[in-house]
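The entries follow the order in which I looked things up.

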Amino acid sequence: MTDTQNERGSLKGISDYKGPAGGWGALAAVARTVREQMKASPDTRALLQMNQPDGFDCPGCAWPDPKHTSSFEFCENGAKAVTWEATVKRVDPEFFALHSASELWEWSDHQLEDAGRLTEPLRYDPETDHFVPIGWDEAFIRAGAALQALDHPDQAEFYCSGRASNEAAFLYQLFAREFGTNNFPDCSNMCHEATSTGLPKSIGIGKGTVTLEDFDHADAIFCIGHNPGTNHPRMLSTLAAASKRGAQIIVSNPMRERGLERFKSPQHPTEMLSAHATPLASAYHQVRIGGDMAMLKGMMKALFAMEEATPGLLDQAFISEHTEGFEALRADIEATSWTWIEAESRLAREAIESMAQVYAAAERVIVCYGMGITQHRHGTQNVQAIANLLLLRGNFGKAGAGICPLRGHSNVQGDRTVGITEIPAEDMLKRLDATFGIKSPRKHGHNAVEALAAMRDGHSKALIALGGNLAVAMPDPEACFAAVRNLDLSVNILTKFNRTCLLTARETLVLPCLGRTELDMQDAGPQWVTVEDSMSMVHASHGKLKAPGSMVRSEPAIVAGLAKAAMPQSRVPWDELVADYDLIRDGIEAVYPDFRDFNVRVRTPGGFRLTIGPSERVWHTPSGKAQFIAHPHVEDATSKPLLLTTIRSHDQYNTTIYSLDDRYRGVTGRRDIIFANEVDLAMLGLAHGDAVDVTATGGRTLEGFTVVKHAIARGSLAAYYPEANCLVPLDDYDPASGTPAYKSIPVTIRAASSA
Ligand SMILES: Nc1nc2c(c(=O)[nH]1)N[C@H]1C(S)=C(S)[C@@H](COP(=O)(O)OP(=O)(O)OC[C@H]3O[C@@H](n4cnc5c(=O)[nH]c(N)nc54)[C@H](O)[C@@H]3O)O[C@H]1N2
Ligand SMILES: Nc1nc2c(c(=O)[nH]1)N[C@H]1C(S)=C(S)[C@@H](COP(=O)(O)OP(=O)(O)OC[C@H]3O[C@@H](n4cnc5c(=O)[nH]c(N)nc54)[C@H](O)[C@@H]3O)O[C@H]1N2
Ligand SMILES: [Mo]
């Protein structure tokens with residue numbers, strides 16, 4: 001496919017980006033964000049403390065750092081995440097006196113968060129339509145009273161964003177479970193739930209199996225459905241190093257993403273001054289949206305054919321010693337035709353065979369994947385197909401090999417590890433109960449989709465949100481906005497005010513919290529927290545910056561305040577736990593055996609790695625073996641002529657919109673666009689720059705967007721999230737994991753009716 005980005009003409013805000021990822025553009029972007037958010041603040045030095053041994057963990061992404069002892073690992077989007085938090089702008093009581101809730105509703109998501117940091121607890125006053133300041137005590141009393149007034153604890157939903165530290169998340173689940181519910185909708189439910197559901201069945205654990213060092217040994221790295229230049233930029237240094245060593249990097253992505261093509265490291269002075277950038281992808285396959293399953297099956301079909309010609313190509317010793325289900329997988333793959341594979345994936349058989357050849361020639365293979373794999377109706381099946389591929393040549397438990405889900409939030413994996421799950425294991429609950437003298441409920445709770453459906457239908461009446469912008473991040477704003485407005489209680493524990501706060505319930509509270517970069521002073525002195533990265537490394541994070549106001553409290557302190565107010569009879573020593581986070585860590589150790597000597601081991605530079613069975617070829621599946629899982633019945637996308645995927649721009653962090661630019665895709669100052677393939681456009685009778693309406697199931701429409709030709713696979717469209725969330729029904733998700741199908745929305749597109 002040719003790079004159609006080169007002929008996009010003079011459409012407003014649309015141009016051709018010709019540079020590499022990183023480079024001077026990245027430095028300029030950082031300078032701009034520091035200027036806009038921090039003025040001349042001395043806290044600019046904060047940027048230099050990120051990811052240092054005694055600094056704070058970058059709140060951007062979950063990509064690990066080389067032992068946390070490296071010299072400063074510069075990252076444009078990490079800098080944006082920090083400056084956005086360290087901004088000198090404030091939304092204080094005067095701000096809310098000036099702007100009514102109805103007025104703020106008209107502001108864009110970018111404007112709402114750009115207004116600055118929250119400084120005081122707020123309550124919505126329906127009489128005046130303004131948010132008004134209230135004291136912490138009153139806030140806790142109001143929340144506690146509303147929680148106590150519920151008919152049953154299961155009428156409350158405890159949402160957790162993956163920003164929360166292990167300490168905050170552990171206290172939060174303790175609060176909810178003592179209160180009496182396992183309702184833990186969390187951002188993982190919208191993100192890597194397909195990983196958490198699929199991998200335990202395949203390899204006995206729902207996490208990645210590689211370490212950063214493995215990337216130094218891999219012969220081939222497959223990058224499927226993720227965009228590291230924007231979402232995990234520090235990964236580019238890792239990929240560049242692998243590329244320089246001669247490792248093959250094979251990409252599968254419907255869109256050409258500059259961050260997968262070439263990289264100029266802003267850390268590398270000679271590279272910056274030369275015209276040279278490091279090439280990344282050695283082959284780039286523009287699979288159709290949702291076509292990864294077909295592509296993976298095609299690769300396996302090619303491998304089985306190669307095995308027939310050259311027996312021993314598959315790792316038969318590994319397969320017989322460590323796995324089950326091989327014959328069923330082979331039968332399924334044999335029954336899958338190349339005609340179907342090519343039609344579904346829109347890749348030529350030869351292209352897929354070439355991918356299989358790279359895979360077979362490599363002694364050590366890592367497969368990385370992101371939301372392009374998980375956010376589909378068959379997300380769990382996709383994840384398991386990747387595991388199947390890796391198992392065929394024993395690509396687990398050896399240096400340079402394994403599976404690498406690119407996690408989302410910086411601590412989303414840690415939150416799950418310390419108990420944020422709606423389906424807790426019995427042994428964990430037993431230990432929690434024994435440690436704290438409580439009686440946790442055994443009934444499983446709601447995931448994110450179930451929580452919103454229960455709120456919409458009036459079964460759930462309270463939402464406590466530790467971070468996040470839940471109603472905006474979820475599909476179907478019409479249903480989800482109404483769901484939050486329907487509540488008796490909505491408590492938003494946030495650093496910044498967002499649209500979910502404006503979906504006012506009978507009682508709406510906004511509680512300002514410290515961010516991870518900030519100094520957290522408690523009775524026993526300054527406190528620090530811990531996080532777990534994508535590679536199961538647990539390490540400390542020390543906040544350093546000044547709080548944005550004297551009223552702002554830490555997340556653990558707010559959780560404890562709410563818990564005490566909701567349960568005056570509580571058996572948990574909340575105040576002691578908040579005074580000294582070492583005691584929270586002792587609690588984590590008591591409940592999770594893998595955290596033995598937690599307080600000691602986490603004080604060693606770089607922290608420690610949790611046990612990952614497959615790294616030692618230990619499989620915690622019911623039979624003790626890894627499982628090939630065949631998927632004879634997969635969704636047939638060929639019947640859907642156009643599928644739309646939703647993506648992040650370079651200047652956004654989930655629903656946080658830093659600016660309206662998307663540099664690597666050549667977009668400036670706008671987000672109202674639909675990326676489309678040039679040939680599809682011609683066939684649809686549309687032209688680059690036309691105003692269009694996009695329609696999805698149930699008549700959902702996105703109106704008056706501009707269609708832009710882009711290097712994207714045929715039959716595929718892309719639009720930004722959350723603008724396009726109105727096209728996704730709440731009940732359109734992967735049935736196995738509950739992950740919304742944000743990335744394969746069947747649509748039709750036509751010239752805008754208003755045009
Ligand atoms: N700066 C920044 N960093 C972030 C975030 C952020 O918003 N901003 N978000 C964080 C979070 S919570 C998450 S979950 C991660 C997300 O990180 P990613 O998974 O990288 O996120 P997305 O932008 O949703 O999608 C990534 C890619 O999937 C491709 N894609 C779409 N559909 C398909 C498909 O059907 N098949 C294939 N093979 N590819 C497809 C898109 O073209 C895009 O390149 O990043 C984390 N880090
Ligand atoms: N269409 C579509 N929808 C998607 C996705 C997609 O790819 N496509 N991706 C999904 C994914 S993977 C995810 S993870 C979700 C996430 O979506 P969001 O819920 O939007 O993610 P967050 O970044 O957690 O939420 C942003 C808010 O967190 C608050 N915040 C920031 N830092 C802190 C902190 O330190 N503490 C606290 N308490 N609050 C803080 C700020 O006030 C900010 O308003 O969106 C999902 N929605
Ligand atoms: Mo995510």
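I took helices (H or I, at least four residues) and strands (E, at least two) as DSSP runs, numbered from the N terminus. This is a predicted model, in which local features need pLDDT of at least 70 and side-chain atom pairs count only at pLDDT 80 or more, while totals for chains, interfaces and linings use all residues. Residues are numbered from 1 along each chain as its sequence is written, chains are lettered from A and ligands numbered from 1 in the order in which they are written, and side-chain values use heavy atoms, with hydrogens and water left out.

**Entry: ligand 1**

I looked up the shell first, counting a residue as near a molecule if one of its heavy atoms lies within 4 Å of it. Ligand 1 is surrounded by 32 residues, of which Asn 253, Glu 257, Asp 292, Arg 648 and Asn 654 are the closest. Helix H10 (228-231), helix H19 (371-374), strand E24 (643-647) and strand E25 (652-653) each give at least two residues to this shell. With domain bounds taken from an automatic or database domain assignment, I noted that domain 3 (194-410) and domain 4 (642-751) each contribute at least three residues to the shell around ligand 1.

I then sorted the residues by class, with Ala, Val, Leu, Ile, Met, Phe, Trp, Tyr, Cys and Pro as nonpolar, Asp, Glu, Lys and Arg as charged, and the others, Gly among them, as polar. The shell around ligand 1 holds ten nonpolar, 18 polar and four charged residues.

For polar contacts I used pairs of N or O atoms within 3.5 Å. Oxygen atoms of ligand 1 have a backbone N or O atom of Asn 654 at 2.7 Å, a polar side-chain atom of Lys 743 at 2.8 Å, and a side-chain N or O atom of His 376 at 3.1 Å. Ligand 1 taken alone exposes 930 Å², and the protein buries 99% of that; accessible areas come from the Shrake-Rupley method with a 1.4 Å probe.

**Entry: ligand 2**

Which residues come nearest to ligand 2? Among the 32 residues around ligand 2, they are Glu 113, Arg 163, Glu 555, Thr 655 and Asn 725. By class, this shell has twelve nonpolar, 14 polar and six charged residues. A polar side-chain atom of Glu 113 lies 2.6 Å from an oxygen atom of ligand 2, and a side-chain N or O atom of Asn 498 lies 2.8 Å from an oxygen atom of ligand 2. The protein covers 97% of the 920 Å² of accessible area that ligand 2 has on its own.

**Entry: pockets**

On a 1 Å grid over the protein atoms alone, I took a pocket as an open set of points where a 1.4 Å probe fits, with protein on both sides within 12 Å along at least five of seven lines, and lining residues as those with an atom within 4 Å of a point. Grid points are joined across faces, edges and corners, and a volume is the space filled by probe spheres set on the points.

The largest pocket has a volume of about 1200 Å³. Its lining has 37 residues, and Ile 205, Gly 206, Lys 207, Arg 416 and Thr 417 are the closest to its centre. Helix H9 gives the largest share of this lining, four residues.

The second largest pocket has a volume of about 290 Å³. It is lined by 15 residues, with Asp 109, Val 472, Arg 499, Pro 722 and Glu 723 the closest to its centre. Domain 2 (90-191 + 413-516 + 552-597) and domain 4 (642-751) both give residues to the lining of the second largest pocket, so this pocket lies between them.

**Entry: backbone**

Pro 722 sits in the loop between strand E30 (716-720) and strand E31 (745-751), and the peptide bond from Tyr 721 to Pro 722 is cis, with omega near 5 degrees. Asp 597, in the loop between helix H28 (581-591) and helix H29 (598-601), has a positive phi, near 50 degrees.

How values were computed: Polar contact = N/O pair within 3.5 Å; in protein donor to acceptor, adjacent residues only side chain to side chain.
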